[in-house]
Every structure is written in structure tokens, then in C-alpha cells.
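Subject: Structure handover

Hello,

Here is the structure I promised to pass on. Please open it alongside this email.

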Amino acid sequence: MKWKILLLDTKKQNPNHYLILGVYNALKQNKDVDLVIMADYSDAITKARDNTCNLFFAFDGEQLEPAFCERLKNICGRSIVWNVEDPYEIPINRQNANLFDLVFTNDKDSVSEYGSHARHLPLAACETLHDFEIIDDNYRYDLFFAGTAWPNRVSLLKSIENEIEDIKFKLALPTNEHLPKINLDLDKSAYNWRTPNSEFARFSNRSAIVLSLHRQFTASEGRAEAGTPGPRLFEVAMAGGFQLVDRNIPGIADYFIEGEDYAAFSSPQECIEKIKYYLTNPTERLAIARSSQNKVRESHTYHNRIQYILEQLSSVALSDEKSSKPIKTILVVAHNVVTSTPYGGVEIYLDLMKDKYNEDEFRVLYYVPNLKSEEGKEYLILDSEYNKIDKVSFPNKLPTTSEHMLSCEQREKTFGVLLNKYNVDLVHYQHLIRHVPSLPFISKALGIPSIFSVHDYFPITHRFNLIDQTGRYRPETFKSVRNTDICLSEIENIERGSQSRRIAFWSQLLKTFDVIHTNSQSTRDHLLDVYPNLNRDKIVTRGIPCSDDAFIEKIEAASQFDEMFEVLVLGNFTRVKGADTLLRVFNETRNSNLRFHVYGQIAPEFLDAIHSLDFKHVVFHGEYQYTDLPEILKNKHVSLHLSIWPETYCITLSEVWRAGIVPIVTDVGALAERVTDNIGFKVGIDDVGAVVDVIEQLNYDRISWKNIQTNILNEQLHESVNGHKDWLHTLYQELITTRPQKNIINVESNIDLVTCGVKLNSIFWASLQNQPVILHMPSVARRIPKHPIHLSKFIINQVKTRGIKVTLQKIIKNMKIKAGI
């Protein structure tokens, strides 16, 4: 059988990573191995699946992620682990042993801990790192020792230091917080350092004597001493070093003969005597070094070890194929659902689709922040009816707004636990606002396919509607990192350079998604303007649906013979939705047969103006429910969609079209893309005169209005619910089929962003600077011209609510702005 092997270093940051390099090189050169891929936690699952690996090989054992390894075993069919920290890590290694068909342990005394599927396999030497020709003379050092400063080792080295004068020491004694202080007379800089393994071999080759000392210390619950020598015994021998070995190191006799391949000692005094002896007897010393080197070259390389592993695998049957789950779990990550107000188009879209999933195919769950708690402190898992089935809480809220963050270790690990716990087959990220944006790295690492729907411009900037410091949408602002920095500095006091950090992070984040769903070509273009290297093949453009056919058919369309010309404004009444322009349109159409109907929540900043202006021909109906649409859309002639930002789709446009309402939209974004001749009208942003002209023209020429209404009703201008459902189901099935998931028994996860191979200087992209904000968003009062009588009413109302001092200050400020002062 030919092997295709996925090799994983289970330790996330391994100071002995060179060991796995020796294993990797040996695997590559083995005749029975077709392919070997060395991976880490960020890409192991993807690589194993993409390359149809048939053996998962976990190396080291320490810091192993059980659920992650279980996923790899499911993909590959066979799994082995080579634990190289036994017996010190035996408690955790024994706990994880059931994940593997075979367990290889570096310690012969630990084999019994694992049962019948365990084998003893000591570490070895690597020819490319350790093999040097032996030199006969001109050694640089008398004595070389490198290893952690365990107390027994330091004690012996102190004795040698005291007994042998002028000995040329070369010591590398790295320490850690668990170890006692080192009491050598040498300067700390002379011994407290680490040497790479390749240089360790060179030091061994250039030293007359290499000291090998046992370890008698553990910070874990494992035994304090191993029953088998570590890799240094073989590495020094292959490097041509003469070894003076502590007899307390067990198992050496299994591989070498004392006096022929090494010298040994049992006490500090014997050690000192043998150092003196062999320093003065080079011929005997060199003969011993050559003998041990020959034995290692023949029997103790990683080639030997790998051959043994593959021979043992011949008796391991392929793991029973776990059948795929008949019902797939889709986790929808969103910022809100319709049960929490206020909500907008995304939440309506989610609600519209939630009843369309085939329950025999998909189980849909939602992962959303609890908006009743402090930001980031609690998240909810909801079922398909928005019932809470789980929650995760954190001790503290996020240290700043989620919009300024890139990563949070706690929330990333918790998200991994949830993906395992609910055996998620696919994640559909509908929005990442109010979440830390690093979550997709976690689903990617776990091999779970994902889709990202771009409903606004949050991937480009946290000012997700692209309104800049002037209070307007200007295309050049957010296409340029420098212009964005200027904007953020002036509005939010964010330090220049911050946007570069955000863009760099998001450019990697966008690569984690299998599909990026944009609602319009305009949205796609904006995304590619900022991320030109984004894989265009993964971007799919598809609109989002509005109400289903049966729902819309109940609506009675307006007639050209109606006395009043009814104008609809549907959606929240906010600045970005064109509230400033709308107030001026209302003001210009007072004495007419026009009647305006405003449905949606009114932003508080406009309440005073609305009250003061006292429009008799405008009805502010307030918030509405989605089920109210049939009544709302009935008998309306024209609708206004005057957003000042480039909408990514605009569901309300689809809704009014379905009811035969003629739209007037701003000529920007998806609105401009969707509205063409004979099905609506386009006007410039804040062009009040153009809006009024179109409305009055249609009111006067009802036949032209009727012709446009007929065109609208005869066209398929919306995305149907069923069509969207079929597309989404097909997409889900395709992605799940190519990356099938099986039930995971192990739930715990410690996968975070660092584990995924992404290391940040800071978990925040936004840094605040110590300078005053120099520009502000324009106030609503300045944006609304009024007839003198209405201006007087407005001023009187301001005095009543804010006081005369504040009102005068505001008037003077606005006068200065208008005068350019």
C-alpha cells in the first residue's frame, strides 16, 4: 500500500521542531510513501482532505487538540501518534490515546500505560542535521553540555567547575520559571542561552567530551524520569562526539555498549576522574566515538524509525467509515434577528428564509450577540424559531467596541467549542459586526466550509455605509487607505496607520471563505477596489428576496384615477436613508394633492424638526411589522429611496416593485444599478428639486405613470424566495459534499488565532491619538431650509427644549459655516 500522509506537529510552538523535520525527511524518502504533507493547525484539515490523505500522523503528543485530531482521523481513515515527551506528559497523552489506531512512545516504560495498541519507539538522529566527520585533534572545547538546567545537572556541573581548573567549558543551560536559580560561577550570559539543534551537533563535533546527564524533574503529573534515553544520545553519536554518560540514564545499554560506544559514570567524583582521563587519552576517546557513530548510521536514524512505523501499520485495518449525518447543521452568524429591535434588511432577509429550509436536509442555528448584555459579554445560540437553546457568557465585556477589534482569544476558543458541540457542517456569516472578526479563521482551521454574505461595506471599513467626515458618500475616500485614515482621524480621533492594519487583516480573513456572496455588482466592485487580489472565482453575486408570491398577490395596486397621489417612504427615517433630503421634499410640496406616508423608526435627531415643521400632508406611521406590508403597500403610486450611501441591495425596492409602485432612487450603489429606464427614476444625492420635479410630473401625467407601473408589473424585477432558497440549498449541498463533516465526540477546543498561524502585534486595529477631533458630522438643523414661519416655529421649539443660550450658539455656528468662516 502506498501512503499519503498528513504530518502534524501537535505542539503549537515547538522549540524542538527539528525533530519533526527529521521525521518529515525520512517519510519523503521512504519507498512506500507517495506523499507527505507537513501541516499545522491552520491548514492540516484542508490539506488532508484536498490531498486525500490516508494516514494522519500526529507527532509529539503534547498540546494535542482532541476534536481537531478526531476530524483528521475521520478524513484520513487511519491515525497514529508518536509521543515524544513520555513519561513526563503521560496523563494527558494517555487520555488522548483513544484517538489513534497506534500509539508510539519514546519511553519503553510507558508502553503499558496505553494498552495493546502501543509500541515503543525511541527518537533518533537525522543525517542532514547531525552527521559530521570526526576530527582527530584541534578541539575547540574540553567539555560541552547543552540542556535544560534541571537541579541535578546544575549540581554536577558545579562540582566539575570546582574540581578541574582551567577547563574549557561550553554550556547552554536555558531555564524556566519552574526551576531553581543556577549557582555557577560563570557569568549568566555564558550559559543562559539556547542553541539550535544544528549548532548543537557542531558543538558536539568540536568538543573533546560531550556530557549526557539525566533529567530528574517534572512540572506535570508524569513520572520524573524516563526509561529510555532521549534523542541527544543518538545525535551526539552521529555528530562524532565522544559521550560521557550518566549511568542514571536508563536504557542506554539497549542501544550501545559501555566502554565500546560510550563512557559512563555513577557519581560526581567518577565523572570528574573520567573527564581528566579521556582528555589525556585521545586515541581511546576517538575509537569510542567512531564506534557509536557507525552504530547510529546503521540502526538509529529516522529512516529506521519510519520503516518500523510503516511495518506496524500493515496490521491496522482502516477505521470503520462513519456514515455522514443525514441532516446537516448550518450555523448562521449574525449581528441580530427580528426579535430584537431595531432591526433592518439583513434581519428581515434572515427571517424570510428561516422557514424555507428543508428540515429533512438542514438544521439551522443562529449565533448572535445578546443585545441586552454589555457588548461581547454574552452570545446566544438560537434554533430556527429564534428560541434560545444555549448561551455562552464571558467574565468581562469586550475591552472596546467590537468594531475596533481584530481578535479575542477567549471568544475564538469558545466559538471552536460551539462548532464541535453542535457538529456544524457549514457556517454562513451574515454579518461580523458585534462579533470579533477573527471567527472565520476558526471554522476554516476546523475544515468547516463557510459563506460570507456582504450586506454592507464592513469588510472595507467599520464605517460600513461609506459616509465620510463630510457627511457624504465620496467614492475616493474609502478606496484610499490614506484618505480613510484622514477620515477616521477627523471623525473618531483614530491614529493614522490604523486602516492599513485593518485592511491587512481583512485581506487574509476574506481568503478563509469558500464563497463570498455580494448582493449586487456595485457591492462586488467596491470590494474589489479595496481588495484587488481577492479571488474573483469565489465571489457570487445574487440579490436577496422579498415577500413570497402568495403574500404579495394580496396587495391592491394604486390607480391612475385616485384623487390623491400617494407617496411611500418605507424604512427607518435616518440620515443615511436620506432623511435630510426627505424633510426638504416635504417642505417643498406643502400645497399639493400629494400625500406622503412614512413607515419606520424615526431617528431621535429628527424628532424636533418634524414637530416644528408640522407637515399636514405627511403621515408618520412609526415602526411597522413585516406582516403589515400588504396594507402599507396598498394604493401607493410612488416610493422614495433617497439613501445617501451606496446601498448594497435594498429589499424595499423589491417590495414596492412587486406592488406596482414607481420608485425614485438616488443614483448610487445598487439602487442605481437596479433601476433602469421605464421602471423608475434616478436622481442625484440631495437633489431635492429633481425629486419634486419627478413626483409632480408623474402626478400631472398619470398616463405616463400608468405606463411605467405596467412595465414594472410585467417584469421580473425581484429575487424570488423560492429561487433564492433553491440557490442557497444547492450552494450549501455543494460545499458540504466537498467537505463532509462527521459527528465529533470531543468538544473542547483551544484553537485561537495564533494557533491558526495568524500573529498580531495587537488585537485592536484602531488606536486613538492624542489630538482633538477637528471636523464633525453636519447637524440636521443646517441641512433643512425652511420658510420663515416654519423657521420661527423651529427656533421657538429649540429655545423651549435646549434653552436660549444653546440655541443662539447653534445659530451663530451655522451662520459661520454658511459664510465660510
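Which residue forms a salt bridge with R247? The partner is E270, and the closest N and O atoms are 3.1 Å apart. Keep in mind throughout that this is a predicted model. R247 sits in the loop between β10 (243-246) and β11 (263-265), while E270 belongs to helix α10 (residues 268-279), so the bridge ties together parts 23 residues apart in sequence. R247 counts as partly exposed, at 35% relative accessibility.

- In the model, residues 343-540 are 35% helix and 17% strand, with end C-alpha atoms 25 Å apart.

Now the cores. The largest nonpolar core has 89 residues. Those with the most contacts inside it are F573, F586, F596, L633, L640 and I695. Helix α28 (residues 721-738) gives the most to this core, with 7 residues. Domain 3 (328-541) and domain 4 (549-718) both contribute residues, so the core lies between them. A second, separate core has 86 residues, including A44, L64, Y379 and V454.

Take L633 as an example from the largest core. Leaving aside neighbours within four places in sequence, L633 is in contact with I555, E556, L568, L570, E655, V656, A659 and I661.

Helix α28 passes a simple length check. Its 18 residues should span 26 Å at 1.5 Å a residue, and the end C-alpha atoms are 26 Å apart, which agrees. The buried residues of α28 are V721, H724, W727, L728, H729, L731, Y732, L735 and I736.

Helix α1 gets a similar check. At 1.5 Å a residue, its 12 residues should span 16 Å; the end C-alpha atoms are 17 Å apart, which agrees. Buried in α1 are Y18, L19, I20, G22, V23, A26 and L27.

One more buried residue is worth a look. Q499 lies in helix α18 (residues 498-509). At 2% relative accessibility, Q499 counts as buried. Not counting residues up to four places away in sequence, Q499 touches I460, T461, V481, T484, D485, L488 and W765.

Back to charges. The structure holds 39 salt bridges. Two others stand beside the opening pair here.

The D60 bridge: D60 pairs with K11, the closest N and O atoms being 3.9 Å apart. The pair links distant parts of the chain, 49 residues apart. D60 is in strand β3 (residues 55-60), and K11 is in the loop between β1 (3-9) and α1 (18-29). Both D60 and K11 are buried. K11, D60, E62 and E85 are linked in a network of salt bridges.

The K397 bridge: K397 and E374 meet through their side chains at 3.9 Å, N to O. K397 lies in the loop between β15 (388-393) and α14 (409-421), and E374 in the loop between β13 (362-369) and β14 (378-382), so the pair ties together parts 23 residues apart in sequence. K397 is partly exposed, with a relative accessible area of 45%. E374 is also partly exposed, at 43%.

Last, the backbone. Most residues other than glycine have a negative phi, and most peptide bonds are trans.

- D60 has a positive phi of about 100° although it is not a glycine. At 1% relative accessibility, D60 counts as buried.
- D686 has a positive phi of about 65° and is not a glycine either. D686 is found in the loop between β25 (681-683) and α26 (688-700). D686 is partly exposed, with a relative accessible area of 26%.
- The peptide bond from D86 to P87 is cis, with omega near 5°. P87 is found in the loop between β4 (79-83) and α4 (90-96).

Best wishes

How values were computed: Residues numbered from 1 in each chain as written. Predicted model: local features only at pLDDT ≥ 70, side-chain atom pairs only at ≥ 80, totals over all residues. Heavy atoms only, no water. Core = buried A, V, L, I, M, F, W, Y, C linked by side-chain atoms within 4.5 Å. Buried < 20%, exposed > 50% of the residue type's maximum accessible area, 1.4 Å probe, protein only. Helix = DSSP H or I, 4+ residues; strand = E, 2+ residues; numbered from the N terminus. Domains from an automatic or database assignment. Contact = heavy atoms within 4.5 Å. Expected span 1.5 Å × (residues − 1). Salt bridge = Lys/Arg side-chain N within 4 Å of Asp/Glu carboxyl O.
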